[in-house]
Structure formats: C-alpha cells, structure tokens
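Subject: Structure handover

Hello,

Here is the structure I promised to pass on. Please open it beside this message.

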Amino acid sequence: MELLKFNQERCDLCRLCINKCPFQALSMEAKGIAVNEKCRMCGVCIKVCPQDAIRFEQKAGSANKKDWNDILIYAEQENGDIHPVVYELIGEARKLAGKVGYDVKVVIVGAEGTRENAAKLLPYGVKKVYVYEHPGFEGFKADCYTDAVADCIAAIQPSIVLIGATALGRSLAPRLSTRFHTGLTADCTKLDIKSNTDLVQIRPAFGGNIMAQIMITDARPQFATVRYRVMEPADKVADIKGSVELCDVTDDLARSRIKVVEVIPIHRTKSISEEEILVVAGRGVKTEKELDLIQQLANSLGGQLCYTRPMVEEGHGDTSRQIGLSGRTVKPKLIITCGVSGAIQFTAGMNGSECIVAIDRNPEALIFNIANYCIIDDFNNIIPGLIQKLQAWKEVR
Amino acid sequence: MRIIVCMKQVPATSKVEVDPANGILKRMGTETKTNPYDLFGLETALRIRDKVGGTVTVLTMGPAQAEDMMRDAYSMGADDAVILSDKKFAGADVLATSYTLAQGIRLLGGADLIICGKQTTDGDTAQVGPAIAEHLGLPHTAWVKQICNASANFVQVRQDLGSLSQVSEMQYPCLITVEKDIHVPRLPSYRRKKLSEGRKVRIITYKDLLDQDLSRYGLVGSPTQVERIFPPEVTEERLHLEGNSDQKTEQLFQLLTVKKLV
Ligand SMILES: Cc1cc2nc3c(=O)[nH]c(=O)nc-3n(C[C@H](O)[C@H](O)[C@H](O)COP(=O)(O)OP(=O)(O)OC[C@H]3O[C@@H](n4cnc5c(N)ncnc54)[C@H](O)[C@@H]3O)c2cc1C
Ligand SMILES: Nc1ncnc2c1ncn2[C@@H]1O[C@H](COP(=O)(O)O)[C@@H](O)[C@H]1O
C-alpha cells in the first residue's frame with residue numbers, strides 16, 4: 001500500500017520516523033525515505049515527524065478484490081461493556097459471510113478492561129478478536145482510535161468493515177474510510193452481498209423519503225455504518241472456534257491531540273416523543289391494579305407508559321405523557337394501546353407510528369381502523385400472558 | 001484566529017427528483033435553502049470570533065447559485081465567503097466532497113478552527129466533517145452540543161456519545177461538527193446586508209486548486225455509486241388476531257419478536 005506521502009522539501013532526513021515505526025516499514029533510500037509493504041497505516045510516523053513532512057495520501061484506485069477478504073466489525077464499548085449494536089453487526093456479518101465463504105473478525109479499542117470485553121464476543125461465532133488496549137484509549141478520541149483500527153485493517157485487509165451507526169461510530173468511520181481512500185455508506189438499514197463480494201448497502205435518504213442502494217465496486221475495504229436495532233443479533237454457537245489476539249500498542253499509536261477532560265453518564269429520561277416503544281392506557285383501564293399491569297407491560301418492553309386525555313384529567317397520569325391533539329405527537333416503532341377507543345383527537349397524535357397494536361373489547365372501536373394488529377378482547381386476558389412470554393424470551397437471550 | 005465554516009445549499013423540500021439514468025439527484029431548477037444544520041455552525045463560529053477575535057470564512061462546494069446563501073451569511077456577520085464551483089466537482093460523494101473542501105481550505109491558507117454542521121438534509125451522512133479532518137490530518141470532535149470554552153489557542157467542547165456525555169479539549173488547528181440547537185442562529189440583519197452589498201463572494205474553480213489530479217474530484221473521485229433509488233416500503237398491514245385469548249396472546253408475541261419490534 002502506497003498511501004503515505006513524503007514532502008521531500010520539508011523532510012530533513014532526521015530518521016525519527018524510521019526509528020519510531022513499529023513495523024520497520026520505513027527505510028532510508030537514495031531518494032529519501034521509502035515505505036515498504038510492512039506499512040500498516042497506523043500514522044505513528046506522521047505524529048512523530050518534527051517537520052510535518054509526512055501525510056496520508058488518499059488517492060482513488062481500484063483494489064484487487066482477491067486481496068481483501070473477510071468482514072471486520074468494530075466493537076464499540078460503552079460504559080465499560082460491549083455496545084449491543086455489536087451483537088447485531090455480528091449477526092448480520094455472519095449471514096453475509098456465509099454467502100461468500102468469509103470469516104467474521106472483530107477489532108476492539110479501549111483502555112483497561114478491553115481484553116475482558118473482547119472475550120465476551122467469542123461465543124457469537126467470530127473467528128478473531130483483535131484487541132488494542134492502552135491507557136491512552138480512555139475516553140473516545142477520534143484520531144488515535146482511527147490509528148488503531150487502521151492498523152488492524154492494514155494488517156488483515158478485510159473486504160468489508162461494519163461499524164455501528166452510533167454517535168461514536170459515525171465519528172470514527174469517515175476517518176477510516178478516508179484514510180483508505182474508499183467508500184462509506186452511512187446508517188444502513190439493510191445489507192446484502194453479491195457473489196463477487198460487492199456489498200449491497202441500503203439506507204434511507206432525504207429524511208426517509210427515499211431509499212438508496214449504494215455500492216462500492218472498485219475500492220476496498222467497503223465501509224458501512226449500520227443503524228442500531230435493525231439487524232438481528234447473533235446467536236451463540238455450539239462450539240467456540242475463535243480466539244482473542246492482543247495487538248501491540250506503542251505509546252505513539254495511542255497518542256492523541258484530543259484531551260478527554262470528563263466523561264459522565266447521562267441520566268436524561270427520554271420524552272415520550274423520542275421513545276421507540278410506547279404502551280397507552282385509555283379509559284378502559286379502570287383500577288390501579290390494571291394500571292399497574294399496563295405499567296409492567298411497558299417495563300418488560302423497555303418502553304414508556306402514556307395516557308389518553310381522560311386518563312390524565314382523572315389524575316392517573318402526567319400531562320407530559322398525554323398523546324393527542326392537545327397532548328404530544330409520537331412516532332414510535334411500536335405502540336400498544338389498551339382500552340383506547342381511538343377518537344380522532346387521540347389518533348392525530350400517534351397515527352404516524354410504525355406499528356400500532358390495539359387491544360380493545362369493543363369490535364366497533366375506531367382504533368381498529370388504524371391499527372396494524374387488532375386484538376378484540378379484554379386486555380386483562382392478553383397482557384399477563386404477554387408479559388410472561390416476553391420475560392421468558394428475554395431470559396434465553 | 002481564523003475560523004472556516006462549511007455550509008451547503010440543499011433542496012428546499014425533501015421531495016426530490018432523481019435522474020433515473022445515473023442515479024444522481026437533480027438539483028437544478030428546484031428551490032434551495034441553506035442546510036439548516038449549518039446555521040448552527042455559523043452561529044457558533046460568530047460567537048467564538050466575537051469573543052476571541054479573528055475572522056469567519058464561509059466555504060461551500062456547489063453551484064454558483066450558492067451566492068444567495070453566502071449573501072445571507074454576510075448578513076449574519078461572516079467576514080469572507082468562498083464557493084468551490086466547477087463542473088468537475090459534480091457528483092461527488094463523501095470522499096470527493098471532503099477532499100475538495102480540504103483542498104479549498106489548504107488554498108485559503110488553512111484555519112485554526114473548522115466548523116461543520118452535524119449533517120446535511122440531502123446528503124444526510126454526517127460524514128463530510130470528520131472526513132475533512134482526516135484529509136487535513138487534524139483532530140476532530142463530532143456532535144458537539146456545547147462549547148465549554150474557546151480561547152485563542154484551544155477549544156473545549158461537550159458531546160453526547162450514546163449514554164455518555166464527554167468533554168474534550170483540542171489545540172488548534174482542529175475541526176468540530178456541531179449539533180442542532182447548540183446556539184440559536186441569529187437572523188440576517190438588514191444593516192449588515194446593506195453594508196455587505198458590494199462585498200464579493202469569491203469563486204474558486206478546479207484550476208485554482210493545488211492538487212490537479214482529476215481522479216480525486218467529482219464523480220470520478222467517488223468510490224461509492226448510488227445504484228438505484230426507490231421509495232420506502234410502506235407496510236399498510238392490518239391483521240385481526242383470531243382465536244381464544246391465549247392464542248391471540250401467542251400470535252401477538254410471535255409478531256413482536258419475529259418482526260423485531262421488541
Ligand atoms: C378539542 C379536543 C381535544 C382533545 N384532545 C385529546 C388528546 O390530546 N388526547 C386524547 O387522548 N383525547 C383528546 N380528546 C378527547 C377524545 O375526543 C376522546 O374523548 C378520548 O381520546 C377518549 O379516550 P379513551 O379512548 O381513553 O376513552 P374511551 O373513549 O372511553 O374509550 C375506552 C375504551 O376502552 C374499552 N375498554 C373498556 N374496558 C376494557 C377492557 N377491560 N379491555 C379492553 N378494552 C376495554 C372500551 O371498549 C372503549 O373503546 C380531545 C377532545 C376534544 C374535544
Ligand atoms: N458541498 C458542501 N459544501 C460545504 N460544506 C459541506 C458540503 N457537504 C457537506 N458539508 C459540510 O459537512 C457537514 C456534513 O454533511 P453530510 O456529510 O453531507 O451530512 C455539513 O453540515 C456541512 O457543514
């Protein structure tokens with residue numbers, strides 16, 4: 001890979017880059033400093049050069065696809081644990097890999113505790129987890145995280161790199177794709193792979209008004225960030241064949257120009273308008289015990305409880321949790337209404353929801369005109385069983 | 001202190017037309033507006049300039065009509081405005097766009113602080129900012145929601161990363177992308193509009209740039225191809241779950257898990 005560029009006018013041949021290169025990839029030649037094939041794009045030489053004479057040369061070009069194989073996943077850590085999107089990436093990557101005979105590998109970067117987290121991924125059917133652990137990786141620093149992942153990419157030459165479309169992932173991915181002068185598709189909601197290993201990347205564009213299918217046909221690796229909570233998480237495999245590999249991290253590799261001053265957890269509760277899962281209690285919910293049941297359902301779904309207007313007026317709930325014309329407008333992925341008749345003033349605030357489930361014992365209830373899944377029944381007959389099933393399902397995961 | 005703000009003109013509505021032949025969005029003829037997220041970038045820049053001194057230059061890559069947006073930027077208080085405009089830049093994806101903007105920034109003599117919006121409403125990738133930083137070899141912080149401190153030498157910013165809020169500090173030169181609502185963008189002022197009436201908006205074309213390698217710009221320099229564009233599937237499904245209560249419960253549970261609603 002010839003992706004490093006030396007500015008001959010600036011270089012004063014001090015040899016610092018040659019000495020500091022962790023891979024013996026630089027040497028002094030007749031024409032100045034030269035890079036050999038051991039270069040892993042880690043950027044240490046760029047950081048140490050006192051003359052600012054070296055930079056990455058990001059130049060378009062076609063890669064020989066046969067030289068780039070397998071799928072590499074970037075494993076984000078959050079609050080000292082693996083981010084759940086990583087299991088989804090592994091699940092999706094295994095499907096894709098199966099179609100073209102690839103392996104699934106993972107790279108993880110962080111401070112103390114990273115190798116322990118790396119081991120957690122092995123039961124999910126990954127071949128290798130490459131670990132870059134160093135105190136310098138405490139807190140997210142886009143520059144040195146890029147250096148570490150680039151080091152891994154250059155070493156293993158993956159055909160595809162998948163990164164969660166989280167705030168962190170979407171900050172890291174564009175630096176990596178730029179460094180390798182290749183394509184990156186943001187926030188994919190669907191992926192597929194062609195037999196020639198080209199990744200089919202589908203993402204919403206223009207605020208979801210159109211879907212775009214994007215390909216990276218010449219360059220490698222193919223980068224994609226993938227939306228959280230869209231792909232199916234990986235199942236555990238029967239026998240673990242993968243292993244963890246600790247990669248060398250020099251102080252220079254972990255050096256950053258970003259100083260992390262403070263990291264604090266955010267304890268902000270989402271408003272119902274931002275929530276992805278909502279359960280609504282309408283006037284059909286009459287007793288405290290029933291209301292408790294609805295609350296339990298919301299809890300076991302990991303969502304929030306909301307109300308129709310009469311419920312709020314009767315003092316059961318807070319106005320910030322009222323849906324409708326005179327309340328909030330919501331657009332969650334899933335909304336389950338219980339004992340809600342579906343008056344227009346209510347539905348006006350929620351009919352943009354992706355999936356509406358209605359439970360009401362009156363078959364004529366208007367809510368059934370807009371619901372995707374209609375259950376004509378007393379919610380007391382449905383919800384306890386549903387909670388039980390959800391609980392059992394969560395335990396096996 | 002020199003601040004460069006990257007801003008883009010985007011279609012005024014999110015109803016867009018696509019050229020079916022090559023999958024490129026047709027922009028001409030439709031109404032445009034300034035990418036709303038970039039106004040937060042400009043406001044942030046103006047506030048930092050007003051505090052520590054220096055200049056704010058607005059930079060865009062796009063057709064010459066972007067002059068309208070630049071006039072508005074002048075009316076908000078920008079000091080200088082530059083448009084990178086050339087047919088050769090057309091059809092650029094993230095890599096080529098960020099490369100062209102990085103070349104523009106080099107040509108302008110660099111900057112202490114580069115500010116981008118969090119994303120555009122048409123490209124919608126939120127990638128151009130970090131990619132510019134990588135081209136220029138600068139550190140960056142994305143999704144900045146608060147400037148904790150900005151001096152003549154460094155900037156301290158707060159960003160949200162999922163369930164964490166992180167404060168980071170960077171010496172100049174560096175790049176940030178800012179969140180919506182970081183500050184309320186000021187309205188263009190009539191007085192400043194009058195004052196800036198004669199002021200030029202500079203246009204830079206391909207031949208002005210330092211790197212004359214054509215393969216890095218526009219469609220040719222773009223490794224991603226939009227293969228097709230199609231409307232999203234709308235599942236107008238309506239299903240009545242039948243049977244006794246237990247059967248209905250089981251059906252609902254299956255639907256929720258299989259359709260990944262939970
Ligand atoms: C100007 C204006 C603004 C309004 N704004 C709002 C607003 O913002 N939000 C809002 O919600 N309303 C609003 N309303 C009120 C709205 O018109 C309805 O009166 C209200 O939405 C009805 O609430 P509900 O569905 O909870 O109650 P009801 O209409 O009384 O419905 C209760 C339902 O529960 C069912 N049920 C009873 N027991 C059970 C059981 N055990 N199992 C299953 N089902 C059962 C019944 O069959 C019935 O369908 C507004 C009205 C006006 C005039
Ligand atoms: N053509 C362009 N000209 C100037 N700035 C741009 C351009 N495209 C993107 N940007 C900047 O990069 C940010 C992210 O854009 P995007 O990656 O398209 O979502 C925008 O908010 C702008 O600040």
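Below are notes on the contact between the chains and on the two ligand sites.

This is a predicted model, in which local features need pLDDT of at least 70 and side-chain atom pairs count only at pLDDT 80 or more, while totals for chains, interfaces and linings use all residues. Residues are numbered from 1 along each chain as its sequence is written, chains are lettered from A and ligands numbered from 1 in the order in which they are written, and side-chain values use heavy atoms, with hydrogens and water left out.

**Chain B against chain A**

The contact (heavy atoms within 4.5 Å) takes 83 residues from chain A and 72 residues from chain B. The buried area is about 6,900 Å². That is the accessible area, with a 1.4 Å probe, that two parts lose on being put together, summed over both. Carbon and sulfur atoms give 55% of it. Three residues, B:Glu134, B:Lys260 and B:Leu261, supply 9% of what chain B buries against chain A, more than any other three.

There are 8 salt bridges between chain B and chain A. The term means a side-chain nitrogen of Lys or Arg within 4 Å of a carboxyl oxygen of Asp or Glu. One such bridge joins the side chains of B:Glu134 and A:Arg179, at 2.7 Å from N to O.

Several elements of chain B give two or more residues to the side that touches chain A, including helix 3, helix 4 (128–136) and strand 9 (140–150). Helices (H or I, at least four residues) and strands (E, at least two) are DSSP runs, numbered from the N terminus. Helix 6 of chain B gives the most, with 9 residues.

**Ligand 2, chain B**

Ligand 2 has 19 residues around it; B:Cys6, B:Asp38, B:Thr120, B:Thr125 and B:Ala126 come nearest. The cut-off for a residue is one heavy atom within 4 Å. Backbone atoms make these polar contacts:

- B:Met7, N or O atom, 3.4 Å from a nitrogen atom of ligand 2.
- B:Gln127, polar backbone atom, 3.0 Å from an oxygen atom of ligand 2.
- B:Val128, polar backbone atom, 3.0 Å from an oxygen atom of ligand 2.

Taken alone, ligand 2 exposes 480 Å², and the protein buries 98% of that. Accessible areas come from the Shrake-Rupley method with a 1.4 Å probe; for residues, only the protein chains shown count as cover. Strand 6 of chain B gives the most to the shell, with 3 residues.

**Ligand 1, chain A**

Ligand 1 is surrounded by 25 residues, and the closest are A:Arg283, A:Thr308, A:Ser326, A:Ser341 and A:Asp360. A polar backbone atom of A:Ser326 is 2.7 Å from an oxygen atom of ligand 1. For A:Arg309, a backbone N or O atom lies 2.8 Å from an oxygen atom of the ligand. The side chain of A:Asp378 places an N or O atom 3.0 Å from a nitrogen atom of ligand 1. Taken alone, ligand 1 exposes 990 Å², of which the protein buries 77%. Helix 8 (309–313) and helix 9 (344–347) of chain A each supply at least two residues of the shell.

Best wishes

Terms used:
A polar contact is a pair of N or O atoms within 3.5 Å; within protein, one must be able to donate a hydrogen and the other to accept it, and residues adjacent in sequence count only if both atoms are side-chain atoms.
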